[in-house]
Amino acid sequence: MNRCTAVDYRQRRHLALTPMMPSSIPLLLLSTLVAPDPGAPTLRLDPPAYEATPPMRLRVSLPEVEPQPRKVFVEVVDFDATVHASSRRDTWGLGVLRRGTVLAATRGRGRPGCSGWASLAGGGGVCAGDGVRISDELRTPSTVTLAPDVDEDLPYRYAKIAEAGTPRLARLPLSDELEQLQAGTVPSELPHVRTQGVVFVAIDRPYEVDGVSFVRTLEGDYLALDDVRPIVPPQTMGQPLIEVTLPIAFVHAGETPIVAQGDDGTLRPMGTAFRTARFDVTASRAVDDRDYVVSDAGWLVAREDVRLATPKRRPSSVEPGERWIHVDLDEQVLVAYEGDRAVFVTLVSTGKAGYETPRGQYRVRRKFVSRRMTGPDPDTGTYDIAEVPWAQYYHGGYALHGAYWHDEFGQVRSHGCTNLPPSAARWLFRWTAPNIPAGWHGRYRAGTVVVFG
């Protein structure tokens, strides 16, 4: 009869298991069956052969755990600092940061030529010492500079320097120096430069020395308040095309007569339309050998007194639904499209004679919240315009940008760029690609198609 037998092998116990007894056998009978017989011979079982085997070694592959990136803060100390694609300084720039900006970043490993690297949320990063300071703690910026207000049509306050030759001071004057300045002489020990041509500045903040008011420009020099004239923002606006369609007419003359045509064909005056007034156009008509456009209200305006925005065919290189821009150099209007649908229209000012805006198809390549622009001018000698807002470069030095120094949109007058009313320039800047990451001042990347013709 089978049963369980335990055999002691010194340091090892060998256990042989056999099927258990049926549960129907009484316990008394079971104890009789398994009781040893004193007269029976002893049964000896030799242990099985035993071969020692080395202990099993498990090879476990654990995923490599990268150390958590350490949070740091980047403070921009130069006027502009480049965002690089990698920690090598000779890599392609991705964008620009402006002085006084502080951004959260993650610490990276520097390479030769880069003592410390911080990666930015918008891509790329910056090298310590390359116009920025990297620290483990958030600190008050060492250089306090007015940040651009990207929620306004003009990101800064602007002023025009009253006349050429005005001194721009490297620091505020001392009391004894102030007396000489008021007498018309700049002390030799007071560092300064004198302006040339037409100069516009962006105002950082006001100061006062012994009751005399000064302003500091965004670039860090100082001007007497009496030497500058505040800029009044242009009043021309763009037109989002939410419920209206092209064609649209803009009045570009100062005061333009409005007329109505009677049943007998004669014209009678209806009033006056002022410059930049806009209206939907339903037809064109010739009366007494003069061309007119007809408004949706039925009155007429002479064709030569308006700029007309008409629908344009989408270029074959632009995908259906893709955003693109058309600038009509003859009519001095800009229309933004999403595929075949016009979504925005505005008057513009393109290049004057000798500075013509190039025709053709381009893409936005660089975008800046603001950018200083300088150059020669046949009338003033030179121009120096600080912090031109909402600049979008598409071909060399040619750009779409806001213009705060004039309100003559609808007429050619620029040095080759396309001037837009500030409100229209800001709308377009936010609508086009590439987008600018939060806290950046500029971005380099191919974006929206722009067609000039």
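A charge sits over a ring if NZ of Lys or CZ of Arg is within 6 Å of the ring centre and within 35 degrees of the ring normal.

| Arginine | Ring | Distance from ring centre |
|---|---|---|
| R366 | Y393 | 4.4 Å |
| R371 | F368 | 4.1 Å |

Residues are numbered from 1 along each chain as its sequence is written. In this predicted model, local features need pLDDT of at least 70, side-chain atom pairs count only at pLDDT 80 or more, totals for chains, interfaces and linings use all residues, and side-chain values use heavy atoms, with hydrogens and water left out.

Rings also meet rings. Rings of Phe, Tyr and Trp (its six-membered ring) pair if their centres lie within 6.5 Å; planes under 30 degrees apart count as stacked, over 60 as edge-to-face and the rest as tilted. The whole structure holds 16 aromatic pairs. One of them, Y158 with Y404, is stacked, at 3.8 Å centre to centre and 20 degrees between the planes. These two residues are 246 residues apart: Y158 is in strand β10 (residues 157-161) and Y404 in the loop between β31 (398-402) and β32 (418-420). Strands are DSSP runs of E, at least two residues, numbered from the N terminus. Y158 is buried at 5% relative accessible area, and Y404 is buried at 1%; buried means under 20%, exposed over 50%, partly exposed in between (1.4 Å probe, protein chains only).

F368 and Y444 form an edge-to-face pair, 5.9 Å centre to centre with 65 degrees between the planes. F368 lies in strand β29 (residues 366-377) and Y444 in strand β33 (residues 442-444), so the pair ties together parts 76 residues apart in sequence. F368 is buried at 0% relative accessibility, whereas Y444 is partly exposed at 21%.

Notes: Helices (H or I, at least four residues) and strands (E, at least two) are DSSP runs, numbered from the N terminus.
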